[in-house]
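Please take a look at the fold below. A short briefing follows, grouped by topic.

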Amino acid sequence: MSALLSIENIEVYYGVINALKGVSFEVNEGEIVALIGANGAGKTTTLHTITGLLRPRSGKIMYDGKDITKVPAHKIVSMGMAHVPEGRRIFSELTVYDNIRLGAYTRKDKDEIEENIQNVYKKFPRLEERKKQIAGTLSGGEQQMLAMGRALMSKPKIILMDEPSMGLSPLLVNEIFDIIKEINKSGTTVLLVEQNAKKALSIANKAYVLETGKISLSGDAKELMNNDSVKKAYLSE
């Protein structure tokens, strides 16, 4: 099985600080892959590098058979990669509907865009109820749903999610994770960065543990859930 996304030995620096130290991993088509680790381990930096927001000093990023290491971020979106950033980043002054529509800015097919908006409403009924509402007035969970719905509008092959459960109540966390599973079932590959290691490992096929800019462990997500050092570091209540 050839990888849809392959990260090969990337090194990323913030000034003199070496944030990623030779990170390599793969995401195969149809999988949910979790990237777990403590705060400051380099998880968000990894996502930003994949999506073209940061440039690696060395290493290579292959996506769908193409080298995207130097491709600008806006072009990567039109290649079928969507990013749900940490902290949602919705357009808080615009309506829910306008936010969703903006997710399709790389597309020209008007009728199909409308159809996709209806599909987003099917997945997130609450967004349809609130489509005329100003997005900044939504609850945290609804804003997270909006960020996910907006990302789906670009019809991505792969969706990168950064801390989707952050700041949400346990009930909403379960709902968001159910939606991630559903997005994956309907054919979208998912790369998930998540502080809630237990939830992430429970839905992922495989997982990588990132520690201070290096991958320290990798394997089948269910096996990692039973790994003693993972349990101690990330799963202890």
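Which residue in β8 is the bridge partner of Ile 159? The bridge partner is Val 190. This is a predicted model, in which local features need pLDDT of at least 70, side-chain atom pairs count only at pLDDT 80 or more, and totals for chains, interfaces and linings use all residues. Residues are numbered from 1 along each chain as its sequence is written, and side-chain values use heavy atoms, with hydrogens and water left out. Helices (H or I, at least four residues) and strands (E, at least two) are DSSP runs, numbered from the N terminus.

**The six-stranded sheet**

- Six strands form an open sheet with mixed pairing, in the order β6-β7-β8-β3-β9-β10; two strands pair if DSSP finds at least two bridges between them.
- β6 (81–84) and β10 (214–220) are the edge strands, each pairing on one side only.
- From one strand to the next, the twist averages 15 degrees.
- β6 and β7 run parallel and are joined by four bridges. Here His 83 stands opposite Leu 160 in β7.
- β7 and β8 also pair in the parallel sense, over five bridges. The chain crosses from β7 through α7 to β8, and this β-α-β crossover is right-handed; that is, with the strands pointing away from the viewer, the path from the first strand over the helix to the second runs clockwise.
- β9 (residues 206–211) and β10 run antiparallel, joined by six bridges. Lys 206 has Asp 220 in β10 as its bridge partner.

**Burial of β7**

- Five of the five residues of β7 are buried (under 20% relative accessible area; exposed is over 50%, partly exposed in between; 1.4 Å probe, protein chains only).
- In a regular strand the side chains alternate between the two faces of the sheet.
- In β7, Ile 158, Leu 160 and Asp 162 are buried on one side, and Ile 159 and Met 161 are buried on the other.

**Helix α1**

- α1 (residues 43–50) lies across β3 (32–36), β6, β7 (158–162), β8 (189–193) and β9. The helix runs at about 150 degrees to β7; axes are lines fitted to C-alpha atoms, for helices over the stretch in contact, and angles run from 0 to 180 degrees between N-to-C directions.
- Six of the eight residues of α1 are buried. Lys 43, Thr 45, Thr 46, Leu 47, Thr 49 and Ile 50 are the buried ones.
- Gly 52 follows α1 and has a positive phi, near 85 degrees.

**Helices α6 and α7**

- α6 (residues 140–152) lies across β6 and β7, at about 170 degrees to β6.
- α6 and α7 (residues 170–185) pack at about 10 degrees, with their axes 10 Å apart. That makes α6 roughly parallel to α7 (angles under 35 degrees; over 145 is roughly antiparallel, 65 to 115 roughly perpendicular and the rest oblique).
- Residues of α6 in contact (heavy atoms within 4.5 Å) with α7 are Gly 141, Gln 144, Met 145, Met 148 and Leu 152. They meet Leu 172, Glu 175, Ile 176, Ile 179, Ile 180 and Ile 183 in α7.
- By class, this contact has eight nonpolar, two polar and one charged residues. Ala, Val, Leu, Ile, Met, Phe, Trp, Tyr, Cys and Pro count as nonpolar, Asp, Glu, Lys and Arg as charged, and the others, Gly among them, as polar.

**The four-stranded sheet**

- An open sheet of four strands has antiparallel pairing, in the order β2-β1-β4-β5.
- β2 (17–28) and β5 (66–67) are its edge strands.
- β1 (residues 3–14) and β2 pair over nine bridges, with Asn 18 in β2 as the bridge partner of Tyr 13.
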